[in-house]
Amino acid sequence: MDYEIGTSRTDRRAVAAASATVVLWASAFVSIRAATEHFHPGVLALGRLLTASTVLGIVFLLKGGTLPDRRAWPGILVSGVLWFGTYMVALNWGEQQVDAGTAAMVVNVGPVLIALLSGWLLKEGFPPLLLVGMGVSFLGAAVVGWSMSGHGSSSVRGVLLCLLAAVTYAGGVVAQKPALRYANPLQVTIFGCFTGTIACLPFSGLLLEELPKAPLSATLNLVYLGLFPTALAFSTWAYALARTSAGKLGATTYAVPAVVVLISWVALAEVPGWLTLLGGVVCLAGVAVSRLPGRRKAAPEGTPGVVIGDSAPVSSSTAAD
């Protein structure tokens, strides 16, 4: 069964889901910053995933969930290992070794890779407005990162870890998109999270060692990361991804640096400088450009659900919520 649907009726819901994802993922940077000094990067990832898997597993049982179609499993497993597992460990580890600004600039290579890979592998094409918007947003992200970096030195290993996070993030998104043709967003999120949890089980010994020693605030941040930026945000992401192209949705994550600045301003009383604010505005402007509708092309006959150019999936069947 094909789970992708058309655009006009669901675009607003997709935008709302993507917006929720951006806000929650932005808040994750603040929580990671608060928890990472008390947990090994792998422990923080495993604890986050165990929390999310527990909640999602309960939801799955209460809803009487079923296993995904066998055709969805390759994408679920690949995205689970790359995105839920490797990405989280690499990002946590990288942020321990480079400043937040450098990490933001390197990780923001991810949406560019998503656009390139989805345009090539998923046949979504390379819409001019998407490319222009991504270029503008990348410039804004670079400005935010540079302004927040404190101009300090960064370790080569830290930069490489952040680059690994960007690559695995992009690979996970591109692998997840085809899976949503055969499974609903909840199935894809739940079993992707389970897969990532299994991949991080080698850190279970360290988790048992570090968790009792961590302060309550760090443990609460770990639980928050599992409940909201993971269980909820990855679900709203999959919901939106089922209703739009991977390249266009990836571009919306360029709003994350701007939202991080706002959250840090409110929650941590970190007043941003004018250059940081300017970069945030540029990020948001680029996202707005990338979301503008472009000229649509009809999909070749007999290829349901394939995205051509700037169009969204053309299959008319309805996705399960």
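How many salt bridges does a search of the whole structure find? The search finds one salt bridge. The structure is a predicted model.

**Salt bridge**
- Side chains of opposite charge can pair when their charged atoms come close.
- Here the side chains of Arg-71 and Asp-69 meet in a salt bridge, with 3.0 Å from N to O.
- Arg-71 counts as partly exposed, because its relative accessibility is 42%.
- Asp-69 also counts as partly exposed, at 25% relative accessibility.

**Cysteines**
- The count of disulfides comes to zero.
- Cys-193 is in no disulfide, and the nearest cysteine sulfur, that of Cys-200, is 9.7 Å away.
- Cys-193 counts as buried, because its relative accessibility is 0%.
- Cys-200 is buried too, with a relative accessible area of 2%.

**Ile-76 and its surroundings**
- Ile-76 is found in helix H3, which covers residues 73-97.
- Ile-76 has a relative accessible area of 0%, so this residue is buried.
- Leaving aside residues up to four places away in sequence, Ile-76 touches Pro-68, Ala-179, Val-188, Phe-191, Gly-192 and Thr-195.
- Ile-76 and Cys-193 are 117 residues apart along the chain, while their C-alpha atoms are separated by 9.1 Å.

**Packing of helices H5 and H7**
- Two packed helices are described by the angle between their axes and the distance between the axes.
- Helix H5 spans residues 110-121 and helix H7 spans residues 156-179.
- H5 and H7 pack at an angle of about 35 degrees, and their axes are 8 Å apart.
- The crossing of these two helices, H5 and H7, is right-handed.
- On the H5 side, the contact is made by Gly-110, Pro-111, Leu-113, Ile-114, Leu-117, Ser-118 and Leu-121.
- On the H7 side, the contact is made by Ala-166, Val-167, Tyr-169, Ala-170, Val-173 and Val-174.
- The residues of the contact of H5 with H7 divide into eleven nonpolar and two polar, with no charged residue among them.

Methods
Residues are numbered from 1 along each chain as its sequence is written. This is a predicted model: local features need pLDDT of at least 70, side-chain atom pairs count only at pLDDT 80 or more; totals for chains, interfaces and linings use all residues. Side-chain values use heavy atoms; hydrogens and water are left out. Axes are lines fitted to C-alpha atoms, for helices over the stretch in contact, and angles run from 0 to 180 degrees between N-to-C directions. Helices (H or I, at least four residues) and strands (E, at least two) are DSSP runs, numbered from the N terminus. A crossing is left-handed if the near helix is turned anticlockwise from the far one by less than a right angle, and right-handed if clockwise. Contact means heavy atoms within 4.5 Å. Ala, Val, Leu, Ile, Met, Phe, Trp, Tyr, Cys and Pro count as nonpolar, Asp, Glu, Lys and Arg as charged, and the others, Gly among them, as polar. A disulfide is a pair of cysteine sulfur atoms within 2.5 Å. Buried means under 20% relative accessible area, exposed over 50%, partly exposed in between (1.4 Å probe, protein chains only). A salt bridge is a side-chain nitrogen of Lys or Arg within 4 Å of a carboxyl oxygen of Asp or Glu.
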